[in-house]
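Hi there,

Here is the structure I promised to pass on.

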Amino acid sequence: MQTLQSYVVGQWQAGTSAGTTLENPTTGEAVATCSTDGVDFATVVKHARDVGGPALRAMTFAERAAMLKGLSAAIHEVREELIEMGSRNGGNTRGDAKFDIDGATGTLAAYASFGKRLGDRPFLPDGDGLQLGRTARFWGQHIRVPRRGVAVHINAFNFPAWGMMEKAACALLAGVPVIEKPGAATSLIAWRIAQVIVASGLVPEGAFQFLCGSAGDLLSHLDGQDCVAFTGSAATGRIIRGNENLVANNVRVNIEADSINAAVLGPDTDSSSDTYGLFVGNVALDMCQKAGQKCTAVRRVFVPAERVEEVQADLINELARFPLGEPTEKTTRLGPVAHAAQHKDVLAGIQRLSEAADVVHGGAEPPRDGCFVQPTIMLARDSEAEVLHSLEVFGPVITIIPYDGTAENAVKLVNLGGGGLVVSAYSSDKQWSTDFVLGAAPYHGRVWMGSERMAEQALPPGMVLPNLVHGGPGRAGGGEELGALRGLDFYTQRTAIQGFKSFVDGEFGSQD
Ligand code: NAP
């Protein structure tokens with residue numbers, strides 16, 4: 001069986017134990033093992049700080065942007081190989097694997113384009129200069145400079161390619177070396193991408209290190225110039241945020257956790273409209289794409305009470321467009337969930353939702369051998385039942401929840417999720433839509449509004465875009481990533497420079 005290695009301190013290193021076994025979720029067959037036992041994490045951090053950081057900071061923003069562009073092309077060259085890996089270790093259909101891999105190369109390319117405009121100064125001006133004294137002689141200017149530490153990136157199992165590269169793109173462009181740790185259970189794709197990155201020679205030594213296996217005691221070696229960006233479950237997020245060393249040294253931490261995302265059908269959206277077609281199509285897509293294992297996938301669907309039967313029937317019809325089967329079959333649009341533990345969790349989650357909702361389609365009975373789950377629609381018995389708004393079932397499962405059709409009631413119920421990554425609503429009524437946006441925005445990182453005029457061009461709400469922020473308050477972790485150049489903020493220090501105007505403005509001003 002294949003043994004995946006870590007890339008640390010300039011070499012590939014296998015673990016000293018078998019560690020995690022990676023599976024094929026369709027067949028149950030073991031695919032590879034990975035472990036970081038034996039890795040000296042203190043040396044890994046030191047190598048990044050002493051070797052990778054200085055080398056990256058010696059490059060201009062424009063040079064680092066060119067590096068990202070090269071990485072995007074290098075990874076794209078092995079796309080077919082990565083797609084096959086996504087199916088073998090993750091159960092991805094071809095479409096699912098492309099979503100992850102093209103998301104990675106697309107985000108790298110986007111950051112290459114954002115970065116090439118930043119020029120060759122070793123800092124970024126932040127806003128306009130300010131007169132501070134009686135006259136303009138005493139002046140102030142905010143700037144952003146790369147922090148002198150390392151960026152530790154801990155990722156979830158569901159996006160081994162995109163998750164790793166969207167974080168790496170921001171840190172590397174900012175000038176901060178990265179230590180990447182993917183979710184171990186599906187790390188085959190991430191490991192192959194790491195091989196490509198190292199072999200490309202595009203990233204200076206020490207600026208990209210890769211841990212295939214557990215994070216060990218890595219976090220205990222970080223200090224106040226370092227940062228940790230984590231994506232995963234709320235439970236692990238809490239452990240990381242509470243890590244004694246991170247707290248003691250005020251290490252920056254960004255948490256992207258789980259979220260009970262919602263879709264809301266507006267009362268004005270009749271079933272013959274394009275907006276309704278978009279609603280039904282997007283909900284079914286979110287259920288089946290990546291077998292529902294997207295952090296942004298809709299879990300709760302709010303429908304005006306009198307239209308529940310109609311929506312339920314239309315969603316069941318729409319699901320027929322997503323045949324379940326072997327992920328390698330061309331016709332398959334719903335593969336298995338990624339691994340056995342995940343399978344067990346999803347089936348148990350359906351049982352838990354049954355405390356407050358009835359199964360109206362699918363259910364917890366596995367449809368065949370392997371980690372497959374039937375696409376499942378539940379119907380809430382009590383719209384405010386706690387379990388519906390707090391339990392993330394990370395698979396092809398939604399609950400239809402009736403509401404009274406008002407924006408006020410929709411906002412109240414949606415916000416019971418306690419903070420989400422994205423909420424979508426479908427309405428062409430301007431007042432209803434405005435009330436909904438303003439009510440839902442404080443609790444959500446993104447509010448996606450579907451309506452007649454944009455239906456034809458809309459990218460689905462589950463798709464994270466590099467030029468918009470990703471993250472959400474409260475339950476969703478309280479973090480923020482991407483958002484074009486906003487994504488660099490986490491990796492840079494904002495400093496206010498005060499002094500004589502001609503010096504401050506001449507050296508550090510925006511020069512527009
Ligand atoms: P997880 O179990 O929380 O694991 C996430 C990562 O944390 C993995 O790399 C894991 O390593 C690592 N980890 C676990 N315990 C750790 C510890 N004590 N110290 C340091 N690292 C630790 O989550 P998952 O099952 O992989 O991912 C699914 C969850 O991620 C879902 O809840 C989903 O909603 C969420 N998610 C959120 C986003 C977002 O952007 N908000 C995106 C994708 C997924 P091992 O794999 O080695 O255990």
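What separates tryptophan 432 and phenylalanine 436 in helix α14? The answer is about one helical turn, because the two residues are 4 apart in that helix, which covers residues 430–440. Please keep in mind that this is a predicted model.

A pair of aromatic rings is described by the distance of the centres and the angle of the planes. For tryptophan 432 and phenylalanine 436, the centres are 5.4 Å apart and the planes are at 5°, so this pair counts as stacked. Tryptophan 432 is buried, at 8% relative accessible area, and phenylalanine 436 is buried too, at 0%.

Altogether, the structure has 12 aromatic pairs. Another of them joins phenylalanine 157 to phenylalanine 394, edge-to-face, with 5.9 Å from centre to centre and 85° between the planes. Phenylalanine 157 sits in the loop between β8 (151–154) and α5 (162–174), while phenylalanine 394 belongs to the loop between α12 (386–390) and β17 (397–403), so this pair ties together parts that are 237 residues apart in sequence. Both phenylalanine 157 and phenylalanine 394 are buried.

There is also a cluster, in which ring pairs link Tyr276, Phe279, Tyr426 and Trp448.

Finally, a word on charges over rings. Lysine 290 places its charged end over the ring of phenylalanine 159, 4.7 Å from the ring centre. Likewise, the charged end of lysine 501 sits over the ring of tryptophan 139, 4.3 Å from its centre.

Note on methods
Residues are numbered from 1 along each chain as its sequence is written. This is a predicted model: local features need pLDDT of at least 70, side-chain atom pairs count only at pLDDT 80 or more; totals for chains, interfaces and linings use all residues. Side-chain values use heavy atoms; hydrogens and water are left out. Rings of Phe, Tyr and Trp (its six-membered ring) pair if their centres lie within 6.5 Å; planes under 30 degrees apart count as stacked, over 60 as edge-to-face and the rest as tilted. Buried means under 20% relative accessible area, exposed over 50%, partly exposed in between (1.4 Å probe, protein chains only). A charge sits over a ring if NZ of Lys or CZ of Arg is within 6 Å of the ring centre and within 35 degrees of the ring normal.
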